[in-house]
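Please look over the sequence and the structure below before reading on.

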Amino acid sequence: ENSLQKTSTYSSVGPSGIFVSPYALNLSSFTKLVKRLQKRHPEFSRDEIVEAVQEVRKINKGVLSGLAISSIEEKTSAIL
């Protein structure tokens, strides 16, 4: 049985019209990653950071699972 736990989440539709879901990672990991990237790159908005994380996911064949958060952070920083 596939069921998703109902939680309050941050999600948005980016300028390209692509739905951005925090379920790319589990929510706590996603939130932690975005906060780390916001501290590292205060010149970028949260939406820009989320779009860059989604780009990393796209480059990685549509998934982030299996990548360490530090690796995702580095790849996202390179995009930003």
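## Contacts and overall make-up

Among contacts in the protein chain (heavy atoms within 4.5 Å) between residues at least 6 apart in sequence, 45% join residues at least 24 apart. This is a predicted model, in which local features need pLDDT of at least 70 and side-chain atom pairs count only at pLDDT 80 or more, while totals for chains, interfaces and linings use all residues. Residues are numbered from 1 along each chain as its sequence is written, and side-chain values use heavy atoms, with hydrogens and water left out.

The protein chain has three helices and two strands, which are DSSP runs numbered from the N terminus (helices H or I, at least four residues; strands E, at least two). Along the sequence they follow the pattern β-β-α-α-α.

## A buried glutamate

Of the 80 residues in the protein chain, 29% are buried, where buried means under 20% relative accessible area, exposed over 50%, and partly exposed in between (1.4 Å probe, protein chains only). Glu 73, which is placed in helix α3 (residues 69-79), counts as buried because its relative accessibility is 7%. Leaving aside residues up to four places away in sequence, Glu 73 touches Leu 33, Arg 36, Leu 37 and Arg 40.

## A partly exposed aspartate

Asp 47 belongs to helix α2 (residues 46-59), and because its relative accessibility is 44%, Asp 47 counts as partly exposed.
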